[in-house]
Amino acid sequence: PPRSQKAAAAPSLDDSLPCYFVRSPLSPTHHDDSSPQILLLTHRSDYFTVDRVAQALAEAGAQPVRLDTDDFPTRVGLSLRDDGEGPRFSATPFASDKPLASDDGGAPRGLSEPLPDLSRVAAVWTRSPWPPELPEDLDPAYRQSCADQCRCLLDGWLDALHDGPHEAAWINPPAANQRAGNKVIQHRLAHRAGLDLPPTLITNDDAQARDFFHRHGGDVMAKLLLPLSRSMDGSGQFLPTTPLTADDLEHLEALRLGPMILQQRVPKDHELRVMVVDGELFVGALGAGTSGPEADDWRVSDPRQVRWQRGRLGPRAAEGLRRLMSSLGLVAGVADFIITPQDRAVFLEINPLGEWGMLERDLELPISHALAQALLRRAAPNASATRAAVIHEDRA
């Protein structure tokens, strides 16, 4: 459904504002400059999980601030301005030239509340930031250059959160997200963490791929190192985990330009999706499909037929997963396992930006509350620095 329909079920959001900015649910009369401000980085199509975390933060007395990074550069302008008194950062909607977020607060015309002060952001949740979105009709000759320039400004603008009276805490740090998203690094560290892994080949060597296929009796699955699509809503290109067939061997030269992950098929009793937040595990279980693509990748199933149940990850695999999270520098992430008929937990992958909304929606697992508390725990030292800075400014 359109975003307007999705967001309609989230009373904590203010639909009168542009979608790339969400004010704190606190009313102006209850606004407290000492309350920690938590920045939620996501994209325009995001609605359920980010809304739930924002609501949990607001109920805890914090001020959630949402920024949809794909609104830059066509719908919002980001600026660093230095007139000799030091750099100041702001975001401005192109439609009205009214600042949406700035590092010195202030209330533009038309808004009854003061805007969040970026220099007072105590913590950041990198929920699902998307790259800058460029116009579809942009000349291809300039597209890559424009994308690079915009990414440089966005990254530098966000890096300003490291300045000021405190350094904002991140869940997860962008560098950790990027490293954890590399399946080659992931596999190596998962093995070191003691997790059970299927026989795996990650390669662009077609000869090795053929040998691996025959060595494992032709019972091999293929998947990409990186997703083609940014969401599971069926839009855009999407290549699910797929069996490699004997016919595919005739076309493996194409692998040289498109490396892939090959793994021996794992016998499946059911699958687990595990959301980890600060070492706490929230586990959903999904029965194996009987035949067809659904048996190999539940993401291609009809959502109306997907039935999540509460699951359990054994202590050995749980500890291995926590060790992997630590080695990757992640506070939060979504891991996938196959549980075999012999009750063996086989690790598939971890996604630091993975989807978990269905686990909270269908199983009432308190994931958004856990994320809000994790953000607030890390924001607490920074919020203290913010309060001290506010007192100092008021006295000045």
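Predicted model: local features only at pLDDT ≥ 70, side-chain atom pairs only at ≥ 80, totals over all residues.
Reader: Why is threonine 42 called buried?

Author: Its relative accessibility is 0%, and buried means under 20%, so threonine 42 counts as buried. Threonine 42 sits in strand S2, residues 37–42.

Reader: What makes the pairing of threonine 42 with the side chain of aspartate 46 a polar contact?

Author: The two side chains come to 2.6 Å, and the cut-off for a pair of N or O atoms is within 3.5 Å. Leaving aside residues up to four places away in sequence, threonine 42 also touches several others, among them Val50, Arg66 and Trp130.

Reader: Thanks! Turning to rings, how many aromatic pairs does a search of the whole structure find?

Author: The search finds one.

Reader: And why is the pair of phenylalanine 337 and phenylalanine 347 called edge-to-face?

Author: The ring centres are 5.5 Å apart, and pairing asks for centres within 6.5 Å. The planes stand at 70°, while over 60 degrees counts as edge-to-face, so the pair gets that name.

Reader: Now to charges: what makes glutamate 253 and arginine 210 a salt bridge?

Author: Their side chains meet at 3.3 Å, N to O, and the limit is within 4 Å. This pair links distant parts of the chain: glutamate 253 lies in the loop between strands S11 and S12, and arginine 210 in helix H6, 43 residues apart. A search of the whole structure finds 25 salt bridges.

Reader: Why is glutamate 253 called partly exposed?

Author: Its value is 40%, which falls between the 20% and 50% limits, so partly exposed is the label for glutamate 253. Arginine 210, at 22%, counts as partly exposed too.

Reader: What about glutamate 271: how do you know that it is buried?

Author: Its relative accessible area is 9%, and the cut-off is under 20%, so glutamate 271 is buried. Glutamate 271 also forms a salt bridge with lysine 268, where the closest N and O atoms are 3.1 Å apart.

Reader: Which residues do salt bridges with shared partners join into one network?

Author: Arg44, Asp70, Asp71, Arg75 and Glu133 are joined that way.

Conventions: Residues numbered from 1 in each chain as written. Heavy atoms only, no water. Helix = DSSP H or I, 4+ residues; strand = E, 2+ residues; numbered from the N terminus. Buried < 20%, exposed > 50% of the residue type's maximum accessible area, 1.4 Å probe, protein only. Polar contact = N/O pair within 3.5 Å; in protein donor to acceptor, adjacent residues only side chain to side chain. Contact = heavy atoms within 4.5 Å. Phe/Tyr/Trp six-rings, centres within 6.5 Å; stacked < 30°, edge-to-face > 60°.
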